[in-house]
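Some notes on the model follow, as numbered points. Please read them alongside the sequence and coordinates.

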Amino acid sequence: STPLYSSAASDVYKRQLFIPSVNQQNTLIMKNLILILCFIFIACGTDDDGNNSNTIEVEISDITDNGATLDWTVPSNVQSGSSVVYKIILSGEVVADNLTSRTYTFTGLNENVNYTGSVFSLDSNGNETFTDFSFTTLQNPIFNGALILTSQEQIDNFYYTSVLGITIEGDDITDLTGLESLQFVHHFIEINNTSLETLDGLQNIQTDTDYSIQLTRLHLEANNQLQDISQLSDFIEKCVQISIYDCPSLENLDGLDIAENSTVYFNNIGISNLSVFSNNTQIKRLVLEELNNLTSLTGLENIQELLVLNIRHCQNLSNLNGLGTLDRITEFGLNNSDLIISLDGLSFLNTNDGIAVVVTDNDNLSDLCAISNWVENNYIISYSEITGPVYIVTDNAYNPTREEITNMNLCSL
């Protein structure tokens with residue numbers, strides 16, 4: 001039979017219908033597959049980019065020693081008209097949930113702690129995202145208690161501005177400049193057993209006039225290398241009890257402003273005079289003990305009232321001159337001061353009080369006539385019924401009885 005189309009006509013028809021050959025068909029299939037894969041890749045990439053762009057920006061502000069404020073933005077891909085709720089997690093605990101506002105304030109936190117957390121969001125279309133945050137609370141500069149510092153490291157890391165009291169103790173402590181932030185000490189300062197040469201670092205302490213209780217006590221003990229305490233000058237004038245023990249290198253007390261009616265103890269320090277008292281007229285109690293460089297009481301000339309005066313083991317003190325204006329003492333003690341031969345210097349005493357006299361172990365003391373009128377015109381107090389009247393004069397070169405000392409013929413050898 002005759003073919004419907006001739007061979008040539010068939011080729012023309014194929015070209016008109018764009019019927020590809022087998023190889024062309026394979027190539028076309030591969031191109032289409034590549035296009036499909038590219039489309040899928042682009043689509044996936046678009047979705048990933050969308051997920052990555054769904055973010056929350058967080059800002060931390062108002063960080064204190066016990067709190068902070070957290071603010072954040074609306075999720076970046078939230079649709080118009082959608083509602084969003086938020087959840088706050090801090091240190092693994094949910095602290096707030098179903099929040100509609102975009103701010104939260106943390107309270108009741110601990111000082112100097114690094115906190116981490118997250119903000120989660122969920123919109124009304126079911127889209128959710130989160131972001132992390134972290135912050136460190138501040139250190140509280142006010143310590144409502146008494147601090148004890150026992151190492152140089154603690155001194156160097158000090159950050160407080162106000163404390164009720166402070167004790168510094170440790171032989172490795174050589175430098176107090178780490179305490180320069182300290183402005184107020186309300187009750188006491190104690191510095192014991194250190195290797196300090198100066199008190200540099202305490203010069204910024206000042207009197208807090210808004211605080212009802214001022215610094216009441218300064219105690220320095222066993223600071224063998226201490227030479228300079230002038231850094232105390234701006235605040236010590238309000239201190240009513242000062243005690244300095246076993247600081248033999250401390251040869252002057254520049255910067256120490258003694259408050260009126262204060263109690264002062266000096267034991268084994270290197271001072272040679274008492275000029276630190278030159279501006280005082282009244283001292284409540286003064287104890288001078290083991291002051292081997294002290295040769296006179298120069299510096300006490302202006303004191304009119306000194307309720308208790310005790311002088312002990314001052315081996316180079318040769319007389320009591322320097323007490324010319326002193327007219328009131330209620331208790332006098334002189335012990336183990338072997339160069340003193342008389343009590344001249346106390347002859348101006350003119351009081352009408354109960355008094356106590358304790359004069360013992362002064363190897364060369366033979367003349368007590370300077371206190372004859374004082375003993376005669378006042379009654380001797382008794383600290384207890386057991387001890388009886390406090391008139392103790394023993395182990396001196398001469399030891400008159402109470403009756404003998406009031407007789408000008410018997411008050412000295």
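1. S372 sits in helix α4, which covers residues 372-377. The model is a predicted one. With a relative accessible area of 0%, S372 is buried. Beyond the neighbours within four places in sequence, the contacts of S372 are I405, T406, N407 and M408.

2. Overall, the protein has five helices and 19 strands. Of its 413 residues, 39% are buried. Among contacts between residues at least 6 apart in sequence, 45% join residues at least 24 apart. The accessible surface is about 21,800 Å², and carbon and sulfur atoms account for 48% of that area.

3. Three salt bridges are found in the whole structure. One of them pairs E190 with R217, with 2.4 Å between the closest N and O atoms. E190 belongs to strand β10 (residues 184-192) and R217 to strand β11 (residues 217-221), so the pair ties together parts 27 residues apart in sequence. E190 counts as buried at 17% relative accessibility, while R217, at 25%, counts as partly exposed.

4. A salt bridge also joins the side chains of E289 and R312, at 3.7 Å from N to O. Since E289 is in strand β14 (residues 282-289) and R312 in strand β15 (residues 305-312), this pair links parts 23 residues apart in sequence. E289 is buried at 18% relative accessibility; R312 is partly exposed at 28%.

5. R328 and E305 form a salt bridge whose closest N and O atoms are 3.2 Å apart. R328 lies in the loop between β15 and β16 (331-335) and E305 in strand β15, so parts 23 residues apart in sequence are tied together. The relative accessible area of R328 is 27%, which makes R328 partly exposed.

Key. Residues numbered from 1 in each chain as written. Predicted model: local features only at pLDDT ≥ 70, side-chain atom pairs only at ≥ 80, totals over all residues. Heavy atoms only, no water. Helix = DSSP H or I, 4+ residues; strand = E, 2+ residues; numbered from the N terminus. Buried < 20%, exposed > 50% of the residue type's maximum accessible area, 1.4 Å probe, protein only. Contact = heavy atoms within 4.5 Å. Areas by Shrake-Rupley, 256 points an atom, 1.4 Å probe, with all protein chains shown as cover. Salt bridge = Lys/Arg side-chain N within 4 Å of Asp/Glu carboxyl O.
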